[in-house]
Amino acid sequence: MRITRRSLFYWITRRQRLLQFLLLLIIIASLFFRVFPLEMQKRIVNEAIHLRDEQLLFLYCGLYVGAVTIASLLKYIINIIQTVIGQRILVEMRNELYHHVLQLPLQFYRKMQPGTVISAMTGELNAIGFFLGGALAIPITSVLTFLVFLGYMFSLSPLLAMLSMSIYPFELIVIPLLQRRYNRLNKKRIRNTRAMGNIVNEAISGIHEVHSNSSYPLEEKRMSSYVDALYRILKKLFIVKYGMKFANNMFQSFGPFILFIVGGYLAINGQFTLGALVAFLSAYEKVYDPWKEMLEYYQSYQDASVRYKQIMKIFDLDPEHVQFPEGREPYILKGGIELKEAGFAVASGVKLLDDITFRIKPHEQVALVGFSGSGKSTLALLIAQLYDATWGSVLLDGKEISTLSKADISRNITMIAQHPFIFTGTIRENLLYAVQSSGGGQEEIPDQKTLFQIIRDVGLEEDILRFGFNMVLPHERAVSLKQKFLEMRQIVHGELGDQFAKIVEFYDPHYFIRHCSLRDNIIFGESMTGEYDTANLPKNPVFRKFIQQHELEDDLLKLGLTIAEQTVSLLKDIGDDEFFFRGSPMEPDELEDYTRLVDKLAGRLPQDAEKRNKLLLLALRFVPAFHSISDMPQAMVKKIVDARHYFLEKIIGADIVACFESVSHLKNNGVLLSLPSYKEEKTFIPFCPTEYLFKHTLKDNILFGATIKEGQEAERLQGIAMEAFKRAGLLDEILDIGLDFEVGSKGDRLSGGQKQKVAIARSLLKDTPILIMDEATASLDNNSQAGIHELLEKKYKGVKTIIAVIHRLDMASSYDRIFVLKAGSIVEQGTYDELIASKGAFYELVQKH
């Protein structure tokens, strides 16, 4: 049975049966402990108190407390089991529904807003989950409890029991009437909420258009109409909801009135004992609880049922093709393709393709060209089984494509779209996505050599290397590769040292580094625990004592005050644009706070610890070479270098002599001293040539210094360094690291060209007999397009059947044949030379191009 045709109770009665049976047993056991306290109430009044028997009083009270405690514990266990049952059923429902949703036809997603699908699969299903857990337990518990308490009430007084029940029929009439009204309003609420979700989804997806057109009022107007409608629906909804609560409370209040009138009369006339009346009143209160639970259950059921039907209605379609073939392995095809009078029309009847007939031999490379809107992409989607032909036949190696499973298609066809989708995750995960999805085991995952070769083939190597160089490595991986990275540092500082000195100010413990912050100049290392990070230093007692001993504190405070005064004076009227703050260590969002501080200080150093910390923070962030807001007092330079040596040797315990020697050896001989073994217990790593800086990027570690400038010269030198690393056999490690670069949501950390290259590499790694490219190089620059085109021609000619929708007609000449489409039909086909010679539609396109 299709999942969308299953009733809500299908899931309840066929899933988690063992847990539901256990729950039923606990519910039955709990009934005794819920009724027993009522009997104890009666006996306490009629026997213990009436007879003035203290022992009986203590006994009955003890039994009462014990029964109440056990009943509460059992209720707690019942609630937990209900929740577990509900969430387990919800997990199964969500997984099976998602499996169904993923297989729905492409046309479904052309019409359906993503916000509707997301809302249905997440929030709306969650609401149903809360009902599922108690779908059987609550009615069974409530009915049994109601009957047990009612039976107990009849045992005390049949007359009073019948009178107490007389109000319930009226409630059975009123509540369903209100509930039906509530259901109608709830359906409207769900539809309106989904529409709101679609509006938000569109606005977020098209946020660039919103910003570029400054269309905030327009989007707000679109949203406000739904917000206002939702307000009106919810207002009515809650009026009905609280109306049901009012009816419940009112009917509940009539019961005690009847009991007091009739029961009191009977007790006064000696026809009913006082203990029995107390027990009856307690039983009446208890009997209303399961009744109330049944009413709430009815309301929850109606709400869950409405939601469930609305969700299933959205996805009530059959997948067009089965996922796996029955009784056989997926076919391995040669790559022959044939269309016989095939056509495709949309639901409205408009024909997008008509009477398409052609045959493509295995390993033939064919280009699809044509006028705009001629049906090129639709034809590509038809061959890829993403659309089904409305009439005619599409054959792969003589097999009708409509009879093939998705596994057959995935094993034999790969399609690259003009705007490929990149999934959240790493580059590596995206590159291997198609291979892993094709159903192959671990043995079919390409080895590193194959992966790297494809990356180089499509022109991704340079991008991935750059990602790798700019990553901060996980600690364990950095430790294992530390020696290779230090070899790269040795190349930059030794073999290429003179050239890189133009763009990098190398770390040297003997000198002040003008392109580093004062914090880095003083501390000259990285804190693995964070205690010596810039933000923490002003409050660090060890550091404060250290700068006081070296007479640096006042100098730093004066510098911080100067920076604050100059920044406030220049920028307080300009605003918080980051562009204007490039020359100051102050952050834009700190301007207001420092403005108040400057006004209060009036040019004097503060005594208050918090104010001093703020000034100290600015000074520690100050980079003399970049922050032009203030000059660096020359008197501080020598102080800082001297203090640095003391800090490293006396406070950190670093081997300062070994650090000096390693610097000299690297400068004079171009090689590092023997690499020290890394100790896991290190909490501080000084800027010494033989140390790896675990909190810095790989690029920072290799350059081992502060960047002086970026630009063409830097790029040229980086290219030289790459060649040197390649000769030393070190680049593959960086490439492997770069593959773990996180691409962001929908690949938004990649450029359009990078996304396209990832998609092409992903398809080539899958290595199917048929490759369909729907303007797959449209986002690439001319050189990259030419490179991909050359790759297909040289490496895959005679190897793959390639169908390429192309817009650059100058590249059409290398294809074996060209199909020309116009108005949904093929008007010409042949080789490039044949079509040019015929001077038909293709010739016309070339002339326009």
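This is a predicted model: local features need pLDDT of at least 70, side-chain atom pairs count only at pLDDT 80 or more; totals for chains, interfaces and linings use all residues.
Modeller: Local features need pLDDT of at least 70 and side-chain atom pairs count only at pLDDT 80 or more, while totals for chains, interfaces and linings use all residues. Residues are numbered from 1 along each chain as its sequence is written, and side-chain values use heavy atoms, without hydrogens and water.

Colleague: How many aromatic pairs are there?

Modeller: Rings of Phe, Tyr and Trp (its six-membered ring) pair if their centres lie within 6.5 Å; planes under 30 degrees apart count as stacked, over 60 as edge-to-face and the rest as tilted. By this rule the count is 28 aromatic pairs.

Colleague: Why is the pair of phenylalanine 131 and tyrosine 301 called tilted?

Modeller: The ring centres are 5.8 Å apart and the planes stand at 40 degrees, so the pair is tilted. Phenylalanine 131 is in helix 5 and tyrosine 301 in helix 11, 170 residues apart; helices (H or I, at least four residues) are DSSP runs, numbered from the N terminus.

Colleague: What makes phenylalanine 131 buried?

Modeller: Buried means under 20% relative accessible area, exposed over 50%, partly exposed in between (1.4 Å probe, protein chains only). Phenylalanine 131 has 6%, so it counts as buried, whereas tyrosine 301, at 27%, counts as partly exposed.

Colleague: Why is the pair of tyrosine 507 and phenylalanine 704 called edge-to-face?

Modeller: The centres are 5.0 Å apart and the planes are at 90 degrees, so the pair is edge-to-face. Tyrosine 507 is buried at 9%, and phenylalanine 704 is buried at 1%.

Colleague: How do you know that aspartate 589 is exposed?

Modeller: Aspartate 589 has 69% relative accessibility, so it counts as exposed.

Note on methods. Helices (H or I, at least four residues) and strands (E, at least two) are DSSP runs, numbered from the N terminus.
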